[in-house]
Amino acid sequence: MSHWLRPFRAARRMMQAMVGLPSYDAYLAHMASEHPDREPMDYRSFFRDRQQARYGGKGGGRCC
């Protein structure tokens, strides 16, 4: 990785964390190290799971 790209990538990760966008790469690393016997979710399932965990509920969005 080029050294001049590091600040931009760090800023992108920070912005994703600020808006609550979880890292699929971090999830895959966690699953490989902590749960090697379980198959990880694909990206689409992971994203839906994280949205459900963050916003919860069924049928409709939040009002605020």
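The model is a predicted one. Start with the overall fold. The protein chain has three helices and zero strands. Read from the N terminus, its elements run α-α-α. The chain counts 64 residues, and buried residues make up 6% of them. Its accessible surface comes to about 5,800 Å². Carbon and sulfur atoms account for 55% of that surface.

Now turn to the aromatic side chains. A pair of aromatic rings is described by two things: the distance of the centres and the angle of the planes. The structure holds five such pairs. Take Tyr 24 and Tyr 43. Their ring centres lie 5.3 Å apart, and their planes stand at 85 degrees. Planes over 60 degrees apart count as edge-to-face, so this pair is edge-to-face. The pair links distant parts of the chain. Tyr 24 belongs to helix H2, residues 24-34, while Tyr 43 belongs to helix H3, residues 43-55. The two tyrosines are 19 residues apart.

Are these two tyrosines buried or exposed? Tyr 24 has a relative accessibility of 19%. Buried means under 20%, so Tyr 24 counts as buried. Tyr 43 has 47% relative accessibility and counts as partly exposed.

Charged side chains come next. Side chains of opposite charge can pair when their charged atoms come close. How many salt bridges does the structure hold? It holds one. The side chains of Arg 50 and Asp 49 meet in a salt bridge, at 2.9 Å from N to O.

Next, look for empty space. Rolling a probe the size of a water molecule over the atoms shows where such space is left. The largest pocket has a volume of about 230 Å³. Eleven residues line this pocket. The closest to its centre are Arg 13, Gln 16, Ser 23, Tyr 24 and Asp 25. Which helix gives the most to the lining? Helix H1 does, with five residues. H1 and H2 each supply at least two residues of the lining.

Met 14, Met 15, Met 18 and Val 19 make a nonpolar surface patch of about 440 Å². One of these residues, Met 15, is found in helix H1, which covers residues 6-18. Met 15 has a relative accessible area of 47%. That value lies between the cut-offs of 20% and 50%, so Met 15 is partly exposed.

Conventions. Residues are numbered from 1 along each chain as its sequence is written. This is a predicted model: local features need pLDDT of at least 70, side-chain atom pairs count only at pLDDT 80 or more; totals for chains, interfaces and linings use all residues. Side-chain values use heavy atoms; hydrogens and water are left out. Patches are made of residues with over 30% relative accessible area and no salt bridge: like charges are joined within 9 Å, nonpolar side chains (Val, Leu, Ile, Met, Phe, Trp, Tyr) within 5 Å. Accessible areas come from the Shrake-Rupley method with a 1.4 Å probe; for residues, only the protein chains shown count as cover. A salt bridge is a side-chain nitrogen of Lys or Arg within 4 Å of a carboxyl oxygen of Asp or Glu. Helices (H or I, at least four residues) and strands (E, at least two) are DSSP runs, numbered from the N terminus. Buried means under 20% relative accessible area, exposed over 50%, partly exposed in between (1.4 Å probe, protein chains only). Rings of Phe, Tyr and Trp (its six-membered ring) pair if their centres lie within 6.5 Å; planes under 30 degrees apart count as stacked, over 60 as edge-to-face and the rest as tilted. On a 1 Å grid over the protein atoms alone, a cavity is a set of points where a 1.4 Å probe fits but cannot get out, and a pocket is an open set with protein on both sides within 12 Å along at least five of seven lines; lining residues have an atom within 4 Å of a point. Grid points are joined across faces, edges and corners, and a volume is the space filled by probe spheres set on the points.
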